[in-house]
Amino acid sequence: MKSKVWKTILASTLLLAGVQPAGAADPIKLGSFLAVTGPASFLGDPELKTLQMLVEEINAKGGVKGRKIELVHYDTGGKAQDAVGFVKRLIRNDQVDILVGGTTSGDTLAVIPEVEKAGIPLVSLAGAIEIVEPVKEWVFKTAHTDRMAAAKIFEDLRKLGLTKVALIGGDGGFDKSGHEQLLKLAPDYGISIIADESYGNKDTDMTAQLTKIRASDAQAVINFGFGQAPAIVTKNMKQLGIDLPLYQSHGVASKTFIELAGEAAEGVRLPAAALVVAEQLPDTDPQKPVLLDYKKRFEAKYGPVSTFGGHAYDGLMIVVAAIERAGGPDKAKVRDEIEKTHGFIGTAGVFNMGPEDHMGLNLDAFKMVEIRGGAWKIVN
Amino acid sequence: MPEQLLQFLATGVTVGSIYALVGLGFALIYNASDVVNFAQGEFVMLGAMTTVALLGAGLPLVLAAVVATLLTALVGLLLERFAIEPAAGASVVSTIIITIGAAIFLRGGVLLLWGKGFHALPPFTGDTPIRLGGATLLPQSLWVLGVTALLVALVHAFFNRTLLGKALLACSFNRNAAQLVGINVRVMLRLAYALSAALGALAGILVAPITFTSYEAGVMLGLKGFSAAIVGGIGNPMGAVAGGLLLGVLESLGAGLISSGYKDAIAFLFVLMVLFFEPTGLFGHKTAERV
């Protein structure tokens with residue numbers, strides 16, 4: 001017993017002293033902090049599964065530059081405070097080379113000061129535009145922003161010649177941030193917001209708010225939110241006989257929304273990542289093979305794919321490509337190489353980053369889709 | 001404007017009847033043991049989620065609903081037997097805390113078993129809205145209203161007309177005296193939890209086509225149902241219905257006429273006012289402190 005203790009102490013001392021040779025076979029350490037449980041778990045869960053699947057595949061093929069990847073992961077539960085603690089631990093104790101994560105904007109924004117101070121590349125999977133605007137030296141992101149979603153919706157409205165719009169949204173972070181972007185962008189597209197209603201995300205009936213919208217002379221309704229509430233809004237509109245075009249956000253781009261809203265979902269439009277309509281893309285679309293390949297691999301292992309897992313795919317593959325170009329996991333070199341990401345075809349779109357753009361996606365990354373016959377159809 | 005007002009009222013009644021139906025479930029356990037069962041919302045969720053699962057397994061809706069109600073009743077019974085009964089003699093507050101624990105346990109169990117997704121049940125009689133003047137109502141809302149009325153009558157009759165119901169009430173008035181006159185308090189309590197769970201499950205199945213369901217659905221429904229029950233006077237089935245409808249109409253008028261952002265604040269302010277001026281609820285029994 002006693003000798004065992006001594007051996008442990010000796011071993012750890014050696015380890016601490018760095019006696020272990022730092023050979024080429026050392027794994028590259030990838031740190032991640034995702035909201036696998038908690039309210040954002042439907043985002044974090046597929047993200048972690050994607051990372052695990054990809055790391056396993058990459059390692060089976062011999063790793064990156066002959067070195068295996070070791071994934072060190074902590075579950076933040078969607079709590080920003082915990083995210084900060086875990087990121088400190090990843091940087092100081094686990095001494096990871098690169099960070100991928102921050103499922104939610106709250107988690108990501110909270111850890112940015114720590115990341116910038118430590119000087120370690122971070123690729124976030126969260127939505128808020130504030131993550132990369134203004135540009136931060138070490139921070140990148142792969143998920144679409146809510147501003148892009150708002151712009152895509154307004155673009156479609158302009159095409160249809162509709163200018164008077166009613167907004168209805170929930171009280172969650174995603175809803176409010178989307179709401180803010182809609183208000184901010186509306187003047188640029190010549191759109192006036194003539195009704196602005198809200199609901200609680202756990203409410204069971206929104207007919208009161210929609211009745212007010214019915215009485216206004218709105219030409220279209222935009223409902224920016226996720227979860228079950230947008231499905232209730234959709235059903236309530238049908239119940240009240242409101243025959244206006246209804247736009248939802250990319251937050252409901254999942255099969256569940258169609259199942260919940262049922263027939264009422266017919267004709268609903270929303271900006272969605274190409275992943276949900278991968279099969280419908282023309283064969284000339286460079287994204288198509290990437291999307292179908294990721295979808296096939298994920299579904300073979302875990303079941304239905306989600307766009308959120310796709311953000312993790314993009315994040316990890318951008319990092320892996322950058323490490324390859326940099327010749328190893330040197331933090332500063334990898335950072336420079338991530339920034340030089342150009343023409344990378346991911347699930348969210350084609351990434352063209354630069355010193356002024358740490359996301360690298362443009363509006364084409366979103367497809368405007370309509371629900372027809374219980375399925376997504378690309379609009380023009 | 002009158003057309004709008006009519007719709008606000010219709011909305012209020014729809015939402016209110018859901019609260020009322022959930023609130024009703026609190027009465028049984030409260031009447032038997034003075035305990036507010038905070039797992040009542042989870043019974044509601046459990047009924048709906050079990051029905052969804054059974055439907056998925058290929059059972060017809062009616063059969064799935066019946067089996068789900070029975071299964072939830074069994075869960076209620078087991079909860080009483082293995083969580084409440086071992087703590088017999090504990091204070092009411094301790095028992096209430098046990099029910100909060102049970103609620104968390106049930107949520108976790110459902111999460112592990114059926115995942116985090118949202119589910120809908122098909123409406124019983126179609127989705128075509130019914131027009132009432134300028135307002136529209138879903139057929140499912142009528143189902144909720146009708147069954148609520150029926151259950152209120154049944155619960156009322158149970159407590160006032162049947163020996164079993166009176167025995168149950170006796171347990172809460174004075175446990176020792178009830179035991180002395182030959183009432184098996186233990187069996188009565190098990191019965192109360194089983195019936196209460198069944199009532200909750202029924203409520204869950206009825207409202208699921210409107211509100212959808214998920215492992216967390218019981219939290220909000222339980223809270224609103226509890227508010228309805230205390231506004232009306234907890235333990236009084238009629239009170240729960242009146243409280244639920246009042247709350248629903250207030251919320252919808254608040255959202256429609258004042259601001260949708262403040263509708264919950266308006267409803268909860270009303271609950272606070274009621275508790276302030278009528279601590280036993282609008283229709284509660286005025287009880288003197290028992291020594």
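Predicted model: local features only at pLDDT ≥ 70, side-chain atom pairs only at ≥ 80, totals over all residues.
## A tour of chains A and B

Begin by selecting Phe38(B), Val93(B), Ile97(B), Ile100(B) and Ile104(B), which together make a nonpolar surface patch of about 450 Å².

**The interface**

Next, colour the two chains separately and select the residues of each that touch the other: 33 residues of chain B are in contact with 27 residues of chain A. The area buried between the two chains is about 2400 Å², and carbon and sulfur atoms give 56% of that area. Within the part that chain B buries against chain A, pick out Lys116(B), Phe118(B) and Phe212(B), for these residues supply 24% of it, more than any other three.

Then turn to the polar side of the same interface, where 7 residue pairs are in polar contact between chain B and chain A, both residues of each pair being at pLDDT 80 or more. If you now show the elements of chain B that give two or more residues to the side touching chain A, you will have helix H1 (2-33), strand S2 (135-137), helix H8 (185-211), helix H10 (237-258) and helix H11 (263-277) on display. Of these, H1(B) is the one to centre on, as the largest share of that side, 8 residues, comes from it. Colouring this side of chain B by residue class gives 14 nonpolar, 12 polar and 7 charged residues.

**The salt bridge between the chains**

Over all chains, the whole structure holds 28 salt bridges, whereas across the interface of chain B and chain A the rule finds 1. Asp203(A) sits in the loop between strand S7 (192-198) and helix H7 (207-215) of chain A, while Lys263(B) belongs to helix H11 of chain B, so the pair joins two chains.

**Two backbone stops in chain A**

For the next stop, select Glu133(A) and Pro134(A), which are joined by a cis peptide bond with omega of about 0°. Pro134(A) is found in the loop between strand S4 (122-124) and strand S5 (139-141) of chain A.

Finish at Lys65(A), which is not a glycine and yet has a positive phi of about 50°; this residue lies in the loop between helix H2 (41-60) and strand S2 (69-75) of chain A.

Conventions:
Residues numbered from 1 in each chain as written. Chains lettered and ligands numbered in written order. Heavy atoms only, no water. Contact = heavy atoms within 4.5 Å. Buried area = accessible area lost by both parts, 1.4 Å probe. Salt bridge = Lys/Arg side-chain N within 4 Å of Asp/Glu carboxyl O. Polar contact = N/O pair within 3.5 Å; in protein donor to acceptor, adjacent residues only side chain to side chain. Helix = DSSP H or I, 4+ residues; strand = E, 2+ residues; numbered from the N terminus. Nonpolar A, V, L, I, M, F, W, Y, C, P; charged D, E, K, R; others polar. Patch = residues over 30% accessible without salt bridge, like charges linked within 9 Å, V, L, I, M, F, W, Y side chains within 5 Å. Areas by Shrake-Rupley, 256 points an atom, 1.4 Å probe, with all protein chains shown as cover.
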